[in-house]
Amino acid sequence: MLNGRHLIDIKDFSKQELNEIFDLADQIVKNPEDFSHCCDGKILATLFYEPSTRTRLSFETAMLRLGGKVIGFSEPNSTSVSKGENIADTIRIIGCYADVVAMRHPKEGAPKVASIYSKIPVINAGDGGHQHPTQTLTDLLTIRSIKGSLSNLKIGCCGDLKFGRTVHSFIKAMSMYENNSFTLISPRELKVPEYIKRELDKNNVVYKETKKLEEVIGELDILYMTRVQKERFFNEEEYIRLKDSYILDKLKMQEAPERMIVLHPLPRVNEIACEVDDDPRACYFKQAQYGVYAREALIMKLLGLEL
Ligand code: NCD
C-alpha cells in the first residue's frame, strides 16, 4: 500500500510498488481524460527552495490534470523562510493546508527531515546533490515504455556522476532489476560517490568506470547524459575546466547502436549538441512528457485514489 507514504529515496518503494505506479501511469498515458476528476478537492503543495522548471511545473500539471489544485512557492525568499522559519514548522503548517507536498531543497536530507514532522505524504523533488526519486520514476517509465522492459540492459551514465542527483537515484533503481550492467563515464573528479558503488556491490551488479565515452558508446542500450552541476562546485575554475568534458554529437552517435536510446533529465547545457535532437534515438523530450504521467500516478497512489 502506497497510501499515505512518503517518497524520499527511490528504495522507499519495492519493485512491486514501483511497477504498480508504472502500470497506473500506462493507463493514464492511454486514456488521460478518464483521470481528470480523480483528485477533485485535493491540494498539492510545491515547496521549491531551489530553481526548477520541469519538476515543479510537471508536478503542478499532473495535479491540475487530475482535477486537483496547487499551492506553493518557487522562491523561498518570499516566504517566512526568510524570517528564519525551520523546515519542521513549515511542514507542520503546510500539512494543515494541503494533502500532499513536493519539496526541493539545496540541503541533502531536508525532505527527509520534513517527512518526520509531516502528517501528509512528502515527496522529495530533489535534495542537493543527493537523490531525485521522481526523476527516476520518469526515467524508468520512459525506458519501460520504449524498451518494453527494465531488465537485461547495458546502461551508460555519463557526465557529472558526483553531484548529479538524478543518476544516483537512477542507478539505485535500475540495480533492482535483473541483469542490468552499468558503465559509469565521467572525469576522475566527477566519479560516482562511494555509497552508490557500495549499493552496486551489495546487489552484485556488474559495473565499470571509464573516462572515454567514445570507447564504450558502441556497447550500450541506454545512454543517460547529465549536466555538470555548476551550482554544486566550490571552485568556478574547476567547473569551467570540467563543464565540457562530454559533448554528444552526430559523430559520436554514428558509433552508437541503433537500439541505443539517449536520455537526459534536462536542462541540458552543452553536453548534447542540438544536432542530435532529430535522431530517433534521442528520447529526452519524450522523457519530459512521461514525467507528467509518472507524477500523476504517484500522486494518486500516495493519496490512495483509484479511477
Ligand atoms: C535535474 C535536477 O534538478 O537534478 N533536473 C530535473 O529535475 N529534471 C537535473 C539537472 O538539473 O541537471
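Strands β1 (residues 43–48) and β3 (residues 100–105) run parallel and are joined by five bridges. Strands here are DSSP runs of E with at least two residues, helices are runs of H or I with at least four, and both are numbered from the N terminus. Within this pairing, Leu47 stands opposite Met103 of β3. This is a predicted model, in which local features need pLDDT of at least 70 and side-chain atom pairs count only at pLDDT 80 or more, while totals for chains, interfaces and linings use all residues. Residues are numbered from 1 along each chain as its sequence is written, and side-chain values use heavy atoms, with hydrogens and water left out.

β3 also pairs with β4, again in the parallel sense, over four bridges. Two strands count as paired if DSSP finds at least two bridges between them. Val101 has Val122 of β4 as its bridge partner. The whole sheet is open and has four strands, in the order β2-β1-β3-β4, with parallel pairing. β2 (69–73) and β4 are its edge strands, each pairing on one side only. Neighbouring strands are turned against each other by 15° on average, direction ignored. For such angles, axes are lines fitted to C-alpha atoms, for helices over the stretch in contact, and values run from 0 to 180 degrees between N-to-C directions.

Buried means under 20% relative accessible area, exposed means over 50%, and partly exposed lies in between (1.4 Å probe, protein chains only).

His132 is buried, at 3% relative accessible area. Its contacts, not counting residues up to four places away in sequence, include Thr55, Arg104, Arg165 and Arg295. Contact means heavy atoms within 4.5 Å. Thr136 belongs to helix α5. It is buried, at 0% relative accessibility. Beyond four places in sequence, Thr136 touches Ile10, Thr166, Ser169, Phe170 and Ala173.

Now the record. An unreviewed UniProt entry lists Arg54, Thr55, Arg104, His132, Gln135, Leu266 and Pro267 under "binding site". The lining of the largest pocket includes Arg54, Thr55, Arg104, His132, Gln135, Leu266 and Pro267. UniProt positions follow the numbering used here, feature names are shortened, and annotations may be inferred rather than shown by experiment. A pocket is an open set of points on a 1 Å grid over the protein atoms alone, where a 1.4 Å probe fits, with protein on both sides within 12 Å along at least five of seven lines; lining residues have an atom within 4 Å of a point.

Pro267 sits in the loop between β9 (261–263) and α11 (284–302). It is partly exposed, at 37% relative accessibility. Apart from neighbours within four places in sequence, it contacts Arg54 and Arg227.

Last, helix α7 (residues 194–202). Its buried residues are Ile196, Lys197, Glu199 and Leu200. They fall within an arc of 155° seen down the axis, so they line one face of α7. The arc is taken from the directions from the helix axis to the C-beta atoms. α6 (165–174), β6 (181–185) and β7 (207–210) are among the elements covering them. Arg198 and Lys202 are exposed on the other side.
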